[in-house]
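Student: I am new to this structure. Please take a close look at one part of it, the packing of its helices, and then go on to whatever connects with that part.

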Amino acid sequence: MKYCIGDTVVCINVEEQNLHSNFQAFRCDESEEPQLTIDIVEEPEMTMNIQMTVGQIMLMESEEIGVFEGAMGIDLLYPKNVQLTSIAIAKGYRSAKVYVVQDAEGKWKEELFLALRDVIYLALEQNGRFVLDSSSLLVDGRGVILAADPNAEFAGICQGKQIGKILNDSANIIGIYKERLYLYGTPWCSPKAVQAERAPLGGIVFLKKSDAGVVTDLPEDKRQLLMLVHCKSPFWREGLLDQCLNTIQRVEPSVWIRQLESHADEAAADVLKPALDTIENDTVAEY
């Protein structure tokens, strides 16, 4: 099946019932040319489940993931997983193999859902998009990103105050389409906030816990730094970081960006509302 996420077409060769239901909203025509093809390789035994090329160098390692690079591409290892413990991403990042041992309880499907995020976020980055740890609101037909907003708590308060309607509750893709800036949803959100369509990007608000209760403008370098700090796109190697920075540097001059220095409460929503009224009608990408 093929899915369009952030205007990036991904072909996932697995039965649709084995994918999380959130993916259904992102289905696209099978005639679309994929920018990434993912094959699910079922292994009969756990001893065969970890696929890794000899001679690779470590790019990063944490409790959640190990990233290794060699002549054939990048391998991802998941030390905490039980059924899905490795993914091989081919050089050029246009294809990947996910190695799993399928269990009767369906644990492998849960691990697949989360692991696909790493590979697809990489594809988005190759397509000039980056992902912010954030919620978002639809305000007067435009998307306003709130970064970072754990569990969309502040977005929920703003929705309750009728400032806007929640679009995405855990992450937002930012990208340029036909010289306009848009935000997109992802499958990795709660089912009630699955937003497959692009929305015009109106602005970005960075939330900073403070007693000040003010909305402040930011200098160019801090705007870019905050976008990078809240970015969830992979920075496994220097080239990937450069790709993400390139998109951030194109987006930053063209979008309304502010910092809300307050607590995540109704008073903060009251402070933010008049500031949102200053957002310009259109956002055009700079080249």
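Tutor: Axes here are lines fitted to C-alpha atoms, for helices over the stretch in contact, and the angles between N-to-C directions run from 0 to 180 degrees. Two packed helices are described by the angle between their axes and the distance between the axes. The model is predicted.

Take helix 3 (residues 220–229) and helix 4 (residues 238–251): their axes are 10 Å apart, and the helices pack at an angle of about 135°. An angle counts as roughly perpendicular from 65 to 115 degrees and as roughly antiparallel over 145. Helix 3 and helix 4 are therefore oblique to each other. The crossing in which helix 3 passes helix 4 is right-handed. On the helix 3 side the contact is made by Gln224, Met227 and Leu228, and on the helix 4 side by Leu241, Leu245, Ile248 and Gln249.

A second pair is helix 2 (residues 153–160) and helix 5 (residues 266–276), with axes that come within 9 Å and cross at roughly 70°. That angle makes helix 2 and helix 5 roughly perpendicular to each other. Their crossing is right-handed. Helix 2 brings Phe154, Ile157 and Cys158 to the meeting, while helix 5 brings Glu266, Ala268, Ala269 and Leu272.

Cys158 counts as buried because its relative accessibility is 0%. The closest cysteine sulfur to that of Cys158 belongs to Cys189 and lies 18 Å away, so the two are too far apart for a bond. A disulfide is a covalent bond between the sulfur atoms of two cysteines. Searching the whole structure gives 0 disulfides. Cys244 is likewise in no disulfide, with the nearest cysteine sulfur, that of Cys231, 3.5 Å away. The cut-off for a disulfide is a pair of sulfur atoms within 2.5 Å. Cys244 has 1% relative accessibility and therefore counts as buried.

Helix 1 (residues 107–126) has 20 residues, so at 1.5 Å a residue it should span 28 Å; the C-alpha atoms at its ends are 30 Å apart, which agrees. Just after helix 1 comes Gly128, with a positive phi of about 75°.

Glu30 counts as partly exposed because its relative accessibility is 40%. Apart from neighbours within four places in sequence, Glu30 is in contact with Met1 and Lys2.

How values were computed. Residues numbered from 1 in each chain as written. Predicted model: local features only at pLDDT ≥ 70, side-chain atom pairs only at ≥ 80, totals over all residues. Heavy atoms only, no water. Helix = DSSP H or I, 4+ residues; strand = E, 2+ residues; numbered from the N terminus. Expected span 1.5 Å × (residues − 1). Buried < 20%, exposed > 50% of the residue type's maximum accessible area, 1.4 Å probe, protein only. Parallel < 35°, antiparallel > 145°, perpendicular 65-115°, else oblique. Left-handed = near helix turned anticlockwise from the far one by under 90°. Contact = heavy atoms within 4.5 Å.
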